[in-house]
Amino acid sequence: MTDFNLTFVGARGYSDADIARQAGLVATTASDIEAVFAIKNRTIGAVAASTANVNILSAPASLDGVTLASGDRVLLWTQSAAAENGVWVFNGAGSALTRWTGADAWHELPGLVIGVQSGSTYANTAWQVFSPHGGTLGTTSVDIKRLAGSYTALLGIASTWLAQQGFSSGLTFGSGSAVGPGCAVFGDTNTGFFAPGADTLAVTTGGVERARWLSNGKVGIGITAPITHLHVKALDTTGPVVGSDQVVIAGGSLHYSMYAAGVLRMGIGLAGAETGSNAGSDLRIFAYTDAGGFRGACLTISRAAGHITPGADNTQNMGSASLRFNTYYGGTGTINTSDAREKTLLEAPPQAFFDAILSVPLVQFQWNDAIAAKGAENARIHYGPTAQAVRDALIAAGFDPSRYALFCEDEISAPVTKMVEVQRQKVRTIATSESVVEIIDGQAVQRTIEREIEEPLFEEMPLFDEAGEPVMNGEAQAVWRRPVMETVEVEERVMEPTGETRLGLRLDQFDRYRTEAVNRKAQAALDALAALQAP
């Protein structure tokens, strides 16, 4: 059962006139009569509540989105000087506020319950003064906290005590907002549940929406418009999922989808629904086009054998000229397809080609990055040709190196930071207060602190059904809160060409050409020797 912490004061059986005399009031005006009933029942209504400090000497024309009229009661609970908190009367824009007659003496404040009727943030919310007796009005801080329930529900509980404690009608809470949830945690008024729209429930902590359940059962964490059963938007800007990227968990076969700027980019999931056998449950990484269309699987890990296979046969590379692997370890060598049925045989190169290959010098060397990492004394020594020497030898002999698989020249890309435009929900910065408990001199001390929070912005739109009829929420038409979006520039790290290239060799191809060149030289020598020895 929810604890509303209601405090009712005033002895039963006293007449309104008795209470008025105790309060020093003469109940001759409507305001006085309301004050009498407030003292007796300890509840009073206010048109709106403050969301930030209000200049009580020069009142604004509106409060929490409500245009005020002269004589309206307002609740101030966010004053920089907490002694100014309380129930005030609006006397016109630019005019000084005056304390309401039912709360213009300290003894009238403790236990007073205030129901706020309107406002973008605090409509239909209930509040209570928790300050103890013995204070001085205008000097002592007035501690006002929001109660865990709507004003409507609170009045119903106070008058009927939940249908004489039979709980036949349950509890009803106001819609509320992220900074003022309709169902708030006691003593922490910006943490709880609220209804951002019809048939929609959201969770807020610290005045910021964290999760949302839609009427179709979809759940969003960190996002207000989930697109599947569980949609998680990343908040970490340094981890594996960066910036505006999101992770989506879909139903059926488990599948995590990753979005960037609202467009599907990558996914990881099972190959199909789990059947209890080895089939249908391999792990796959998926890729999508720039428009979000499915491109295909990039990588598959077999559950049965643990094998790693590419998404398609003979189409994907492992590493690149810009991002290379370092060392490969294996029990056996690589297996390269050499099936004659998959080859178109050509004539052998001319002797001039083999002579060029044979002219390439083999050199001993150290890699520069190894020298930088280990020092020249510790960097390992290698032996072989350079790509430049192969290129120059072939060109000098009249051959185009790029036509032969032994020579590679690949464009180099490097990571750069650039500004890109993305869509995101607008927010506004608001001031809020919250109660915290600190250990001071060995005692647990509760105090109120002020801080700024960011609140997502929404546009409220009247809600209609498929027939065009208004969807009603009680006596009023329901509204749908559409997120207000904006286009902003954010930093994004991407790989871009540097204009430079890196040369490479397929050493197995070079060695085969070199071996053939040596064999030809040897055969020529043997043929010459045989000719000399012939009779």
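The accessible surface of the protein comes to about 31,400 Å² in this predicted model. Carbon and sulfur atoms account for 54% of that surface. Of the 535 residues, 33% are buried. The secondary structure consists of seven helices and 32 strands. Contacts were also sorted by separation in sequence. Among those between residues at least 6 apart, 48% join residues at least 24 apart.

One part of the surface is a nonpolar patch. Leu283, Leu299, Ile301 and Ile308 form this patch. Together they have about 310 Å² of accessible area. Leu283 lies in strand β20, which covers residues 283–288. The relative accessible area of Leu283 is 33%. Leu283 therefore counts as partly exposed, since that class lies between the 20% limit for buried and the 50% limit for exposed residues.

An open sheet is built from four strands, in the order β2-β5-β6-β7. The pairing in this sheet is mixed. Strands β2 (48–49) and β7 (98–99) stand at the edges. Each has a single partner strand, so one side of each is left without a neighbour in the sheet. Strand β5 (residues 73–76) is joined to β6 by four bridges, and these two strands run antiparallel. Strand β6 (residues 86–89) also runs antiparallel to β7, and two bridges join that pair. Trp88 of β6 can be followed across both pairings. Val74 stands opposite Trp88, while Arg99 in β7 is the bridge partner of Trp88. In a regular strand, side chains alternate between the two faces of the sheet.

Helix α6 spans residues 387–396. Its buried residues are Ala387, Ala389, Val390, Ala393 and Leu394. They cover an arc of only 165 degrees around the axis, which puts them on the same side of α6. The spacing of such residues has a simple background. An α-helix has 3.6 residues a turn, so residues three or four places apart point the same way. After α6 comes Gly398. The phi of Gly398 is positive, near 90 degrees.

Technical notes
Residues numbered from 1 in each chain as written. Predicted model: local features only at pLDDT ≥ 70, side-chain atom pairs only at ≥ 80, totals over all residues. Heavy atoms only, no water. Patch = residues over 30% accessible without salt bridge, like charges linked within 9 Å, V, L, I, M, F, W, Y side chains within 5 Å. Areas by Shrake-Rupley, 256 points an atom, 1.4 Å probe, with all protein chains shown as cover. Salt bridge = Lys/Arg side-chain N within 4 Å of Asp/Glu carboxyl O. Buried < 20%, exposed > 50% of the residue type's maximum accessible area, 1.4 Å probe, protein only. Pairing = 2+ DSSP bridges. Contact = heavy atoms within 4.5 Å. Arc of directions from axis to C-beta.
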